[in-house]
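Trainee: Hi, could you go through this structure with me? I'd like to take it a few residues at a time.
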Amino acid sequence: MKTLTTIGIVLIIGGVVLGIYGYELCANFICTGMYCPNCETAVPISRLTIYTGIVVALGGVGFFVYSLRKSVPVVL
């Protein structure tokens, strides 16, 4: 179960980093001139990157919780 715990922690950290990176893609967009589009139309890949980071982090939480539940003995 140590392997699943490690995989879960790595996925959580990687998902958070990926989500922050996707947000930074959107935050660094600079408006020029009179036309200033919002983030979704300016950098559409940033939205996908943010959502992918969230999904990866939640998958890591799933692995982590599964490994913890399997390592604790059941007492009735």
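Trainee: Which helix is Thr 5 found in?
Mentor: Thr 5 belongs to helix 1, residues 2-27. Helices here are DSSP runs of H or I with at least four residues, strands are runs of E with at least two, and both are numbered from the N terminus. This is a predicted model, where local features need pLDDT of at least 70, side-chain atom pairs count only at pLDDT 80 or more, and totals for chains, interfaces and linings use all residues. Residues are numbered from 1 along each chain as its sequence is written, and side-chain values use heavy atoms, with hydrogens and water left out.

Trainee: Thanks! What does the side chain of Thr 5 make a polar contact with?
Mentor: Its partner is the side chain of Ser 67, at 2.9 Å. A polar contact is a pair of N or O atoms within 3.5 Å; within protein, one must be able to donate a hydrogen and the other to accept it, and residues adjacent in sequence count only if both atoms are side-chain atoms.

Trainee: And which residues does Thr 5 touch?
Mentor: Not counting residues up to four places away in sequence, Thr 5 touches Phe 64 and Ser 67. Contact means heavy atoms within 4.5 Å.

Trainee: Is Ser 67 buried or exposed?
Mentor: Ser 67 counts as buried because its relative accessibility is 1%. The cut-offs are under 20% relative accessible area for buried, over 50% for exposed, and partly exposed in between, with a 1.4 Å probe and protein chains only. Ser 67 lies in helix 3.

Trainee: Where does Phe 63 lie, and what is it in contact with?
Mentor: Phe 63 is in helix 3 too. Leaving aside neighbours within four places in sequence, Phe 63 is in contact with Leu 4, Ile 7, Gly 8 and Leu 11. Phe 63 has a relative accessible area of 37%, so it is partly exposed.

Trainee: New topic: what about Leu 18? Which residues does it touch?
Mentor: Leu 18 sits in helix 1. Not counting residues up to four places away in sequence, Leu 18 touches Thr 49, Thr 52 and Gly 53. Leu 18 and Val 56 are 38 residues apart along the chain, and their C-alpha atoms are separated by 8.6 Å. With a relative accessible area of 30%, Leu 18 is partly exposed.

Trainee: Which residues form the nonpolar patch on the surface?
Mentor: Those are Tyr 51, Ile 54, Leu 58, Val 61 and Val 65, with about 450 Å² of accessible area together. One of them, Val 65, lies in helix 3, residues 44-71.

Trainee: Stepping back, how many helices and strands does the chain have?
Mentor: Three helices and zero strands. Buried residues make up 20% of the 76 residues. Of the contacts with a separation of 6 or more, 80% are between residues 24 or more positions apart.

Trainee: Last one: where is confidence lowest, and where is it highest?
Mentor: Helix 2, residues 39-42, is lowest at a mean of 56, and helix 3 is highest at 89. The score, pLDDT, is the predictor's confidence in each residue, from 0 to 100. The chain's mean is 81, and 72% of its residues reach 70 or more. Where pLDDT is low, the predicted coordinates should not be read in detail.

Key. Patch = residues over 30% accessible without salt bridge, like charges linked within 9 Å, V, L, I, M, F, W, Y side chains within 5 Å. Areas by Shrake-Rupley, 256 points an atom, 1.4 Å probe, with all protein chains shown as cover. Salt bridge = Lys/Arg side-chain N within 4 Å of Asp/Glu carboxyl O.
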